[in-house]
Amino acid sequence: MTVPDLPPPTGAPVVPAADPGPAVPGPVAGPPVPGGTGQWQRQSPRMLLVHPVRILGSFAVPLLLAMFGVGRGDDGGPWWLLVAAAGAVIAVLAGVASWFITRFRFTDEQLQLRTGLLSRRILTAPLDRVRSVDVESSPLHRVLGLAKVKVGTGVDSTRIELDGVSREQATELRTFLLRRTSEENAAPGPDDATLRPGDQPAGPADASGTPYPQAEAELARIDWSWLRYAPFSLSSLVVVAGAVGVLSQVGDDLPVDQVEVAQDAWAWVVAQAVLVLLAMVAVAVVVGWVVVSTVTYVLTWWNLRVVREGQGNLRITRGLLTTHSQTVERAKVRGARMGEPFLLRLVRGAELTAIATGVGSGGTVKVLPPAPRQVVTDVGHELLEETGALTMELTGHGPRARRRIHLRHQWGTLVVAGLLAVPTWLTDAWWFDRLPGWGPVAVLVVLGALNAVVADSAWRNLGHGLTERHLVVQTGAFVRTREVLEVAGVIGWVVQQSFFQRRRDLCDLVATTAAGPEQVTAPDIPVDAAVRLARRATPGMLDDLLA
Amino acid sequence: MSAAPTSATEPQAAGMPHGRLREPAHRVSPRAVRYWTVNSLIGGVVTWAVLFAVAWFLPEGRWWSTALVWLFVVVMAVNVVEVVLEPAIRFRRTRWEVTGARVFVQTGWLSRDQRIAPLSRVQTVDTHRGAVMRLYGLANITVTTASAAGPITIPCLDSDLADRVTADLARITGQARGDAT
């Protein structure tokens, strides 16, 4: 390649998505393309039923409001019927139009999806870059025997969605799309592991190179005794808090003040038993929390199976009402993340997420629900194809990091106490003179103690480590998170030092990667430890860049 | 099981004599100092104007308007520091290097950011010239990788040099295959 042939420096991809050169070893003679090559295909006609229902669903709230609004009017009558009918007609028409317009086809190299009524769009995915295929069926889809297929590539973070293919076709597509990729990788061709001059990983190289002709193996299956961990996951608390908020809104809207009996009852309750009421609310919240979390757990994780397929790809199927089947190419599973929220830690539980490339935005795939820690580490090690990363002792970041973390956590204390001290002690304006003089001191002490506890927990959880193939970083105060990243997936390093970190000779070491959240950060690590870690993780990448 | 905080500050192991990254070799164009000064000046003048205008209309004698005025004074002082001190310090601390098929860049004036990316993992190479930058004949080069956390900007290079570096980088990265993930 000579210089005049270069693309202009405009930001066009320098590594073209479809390299026409000898890099691509010709079209792979894979299995026959479902539906034939080059033919534009429509979604299943059964989608004509799904679209109106779904659109009606999205119209439901405004429609209901309209009905109520119109229905409450004095002239009442057939108005709301008209509104409803108009809504239904619009929904059906839009559904038909959408079905009519959306088409997809397979060429030899690409999957193409054509959508859009006014602005027509064609989305493409190069077939040799398909990294993940998700098959999802909502209850409505399942009644009609349909599925939604999401295809993720390593090229783009958005995924192509084929909604409304039949379930058999979806399975066929999944095998077709991923078998193609694995054959491509098995061929001695443009395997990206062989093309990194600067950063050959220590030990066995990228897993994608090795053949994996094995029988399908099950890594994990839902065990309903894990259900006891459901209430300890924090996410359900958020749900319950939201529900309580909504209920209290509704409670405000109830016309209680119009009913004198209720008002009297309320007054009596307030007068007699505020404590009882509070206890009841607390019990209601706790019961609601347990119920919601358990139901969510069952709905989400019903029939969970984590399977390593014959070619090494990872497949996760789950779901009671909406079923999910996620398949990720083996080489693109770049690591794992074990999360231990505070409550879950108390009962020795943990959650497991896979970190991968080309699985859509976020780059993570939930693998295990809150489950016993032992199970999580075992399955995690199967996932990483290496034992130790999730159980190993980590290296802490030392006393300087501890001082730094404590100081940083106390900034908030100082600011809050200061903000309170100014009006309390310096001004007499408004109602500020009524603030007690000991207020700022009390805030300083209480908040300071709380922050000290949090900071120390953050420091104790902090640590890093390195196995033969993986970089391990653990962080977090309330939610302890251990991130494990394959060193072959590290595509660069960033050493960040704030002004204060420079004074203590600490830094934030960031390993950049294409997988998952696209970075793994070891915060407040001593600079020499950071450099040592980076050198051992990616031999060669830091050579002659050292002082 | 918590990470046992064994010490990470033990004396360095033998055979690992290097405990930190060195600075990259090249400085940016000396004209960058003037560009940064002008840039901060524009921002500073706008801020001063806005703050003066607000302060003009603040009511007299209220405790909170006095507090606000003091806050404004602090902001303005910071602006002055940004115009007078920052560009020179930033010039001394901003360095870049392309060596051994890697891009290595250091930025920041109070903080410090050192970024390293092997060219085999580079996806795009952009040059950018803002309006004021063009007056001074400067250009930024931004090198992106497959990670959103990994873009590397070499700021304020001499325009001609930037073109040459971009062409070189594009040539080298164009030879790498695979999807650079």
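Me: Why does R121(B) count as buried?
Reply: Its relative accessibility is 1%, and buried means under 20% relative accessible area with a 1.4 Å probe and protein chains only, so R121(B) is buried. This is a predicted model, where local features need pLDDT of at least 70, side-chain atom pairs count only at pLDDT 80 or more, and totals for chains, interfaces and linings use all residues. Residues are numbered from 1 along each chain as written, chains are lettered from A and ligands numbered from 1 in the order written, and side-chain values use heavy atoms, without hydrogens and water.

Me: What does the side chain of R121(B) reach at 3.1 Å?
Reply: The backbone oxygen of A488(A). A polar atom of that side chain also lies 3.4 Å from the backbone oxygen of V490(A). R121(B) itself sits in the loop between β4 (112-118) and β5 (122-128) of chain B.

Me: How do you know that the second largest pocket lies between two domains?
Reply: Domain 1 (41-188) and domain 3 (305-395 + 462-537) of chain A both contribute lining residues, so the pocket lies between them. The domain bounds come from an automatic or database assignment.

Me: Which element gives the most to the lining of the second largest pocket?
Reply: α4(A), with four residues.

Me: What makes up the lining of the second largest pocket, by residue class?
Reply: Four nonpolar, eight polar and five charged residues. Asp, Glu, Lys and Arg count as charged, Ala, Val, Leu, Ile, Met, Phe, Trp, Tyr, Cys and Pro as nonpolar, and the others, Gly among them, as polar.

How values were computed
Helices (H or I, at least four residues) and strands (E, at least two) are DSSP runs, numbered from the N terminus. Buried means under 20% relative accessible area, exposed over 50%, partly exposed in between (1.4 Å probe, protein chains only). A polar contact is a pair of N or O atoms within 3.5 Å; within protein, one must be able to donate a hydrogen and the other to accept it, and residues adjacent in sequence count only if both atoms are side-chain atoms.
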